[in-house]
Each structure stands twice: as structure tokens, then as C-alpha cells.
Amino acid sequence: MSVNLLAVLLPIIALGLLVFFGRSTVRRPRSRVASDLTVVVTGVPSAQAMQVRATLGEANIATAMTSRSDNDVDVLVSHDDAQAAIDVLRQAD
């Protein structure tokens, strides 16, 4: 009898915890408004975008990424850093 009770209660408790606590991913607030950012690389795969971010990070240029509906990614920088980012990426090629 106790095994059957456990088999019934355990999924109910698990479902209750899932509903109560929700998803486990942490959502960070956006640090900048999108209108403050300029796209420097657009429509690239995620791995390539990470390489671009690493290159710009070495030049102390802060970046952000946005996902597109086609699963590609755009890399963005602040308006103030846009020209420097373009220069760094041209030198990297």
C-alpha cells in the first residue's frame, strides 16, 4: 500500500515544485537599451559570433548578441565603440 501511495505522491510533489519554482535558468536584466547599440556582425552562426566577441573582448570592447529567427546571431556594440570594433575586426581578417 505504501509503495502505491509513494508512486502517486511523488509525481504530484514534483509537478508542484516545478510549477511553484518555475524554470531554473537565471534571467539577467539587459544592461543597455537596444537603441544604444550598433550591429557590427550580422547573420552568423553562434560559434562564429563567439569568436567575434572574443576578438572584440581582447580589445576591451563590450559586446552583446541577439538571436535571429533563422537561428543565426547578430553581434552588437555600443555606438561609441562601433568604429573601433569595425577597425579591430578588419585587422583580424
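The exercises below work through a predicted model of one chain, from its overall layout down to single residues.

In this model, local features need pLDDT of at least 70 and side-chain atom pairs count only at pLDDT 80 or more, while totals for chains, interfaces and linings use all residues. Residues are numbered from 1 along each chain as its sequence is written, and side-chain values use heavy atoms, with hydrogens and water left out.

**Exercise 1. The layout**

Task: State how many helices and strands the chain has, and in which pattern they follow.

Solution. Start with the definition: helices (H or I, at least four residues) and strands (E, at least two) are DSSP runs, numbered from the N terminus. The chain has 3 helices and 3 strands. Along the sequence they read α-β-α-β-β-α. Next, take the contacts (heavy atoms within 4.5 Å). Among those with a separation of 6 or more, 60% join residues 24 or more positions apart.

**Exercise 2. Cover and surface**

Task: Find what share of the residues is buried, and which residues make a nonpolar surface patch.

Solution. Buried means under 20% relative accessible area, exposed over 50%, and partly exposed in between (1.4 Å probe, protein chains only). Of the 93 residues, 19% count as buried.

Areas come from the Shrake-Rupley method with a 1.4 Å probe; for residues, only the protein chains shown count as cover. The chain exposes about 7400 Å², and carbon and sulfur atoms supply 58% of it.

Last, the patch. Its residues have over 30% relative accessible area and no salt bridge, with nonpolar side chains (Val, Leu, Ile, Met, Phe, Trp, Tyr) joined within 5 Å. A salt bridge is a side-chain nitrogen of Lys or Arg within 4 Å of a carboxyl oxygen of Asp or Glu. L5, V8, L9, I12, I13, L17, F20 and F21 make a patch of about 850 Å². One of them, V8, sits in helix α1 (residues 2-21). V8 is partly exposed, at 48% relative accessible area.

**Exercise 3. Strand β3 and its partners**

Task: Work out which strands pair with β3, and in which sense.

Solution. Two strands pair if DSSP finds at least two bridges between them. Strand β1 (residues 37-44) pairs with β3 in the antiparallel sense over 5 bridges. Here V39 has L76 as its bridge partner. Strand β2 (residues 64-67) also pairs with β3 in the antiparallel sense, over 4 bridges. Now check the cover: in β3 (residues 73-78), 6 of 6 residues are buried.

**Exercise 4. D74**

Task: Decide whether D74 is buried or exposed, and list what D74 touches.

Solution. D74 belongs to strand β3. Its relative accessibility is 11%, so D74 counts as buried. Leave out residues up to four places away in sequence: D74 then touches V39, V41, T42, G43, A64, M65, T66 and R68. A polar atom of the D74 side chain lies 2.9 Å from the backbone nitrogen of G43.

**Exercise 5. Two positive phi values**

Task: Locate N60 and N71, and give the phi of each.

Solution. Recall the background: most residues other than glycine have a negative phi. N60 lies in the loop between α2 (46-58) and β2. Its phi is positive, near 60°. N60 is exposed, at 72% relative accessibility. N71 lies in the loop between β2 and β3. The hairpin of these strands has 5 residues between them, and N71 takes a positive phi near 70° there. N71 is exposed, at 69% relative accessibility.

Technical notes
Patch = residues over 30% accessible without salt bridge, like charges linked within 9 Å, V, L, I, M, F, W, Y side chains within 5 Å. Polar contact = N/O pair within 3.5 Å; in protein donor to acceptor, adjacent residues only side chain to side chain.
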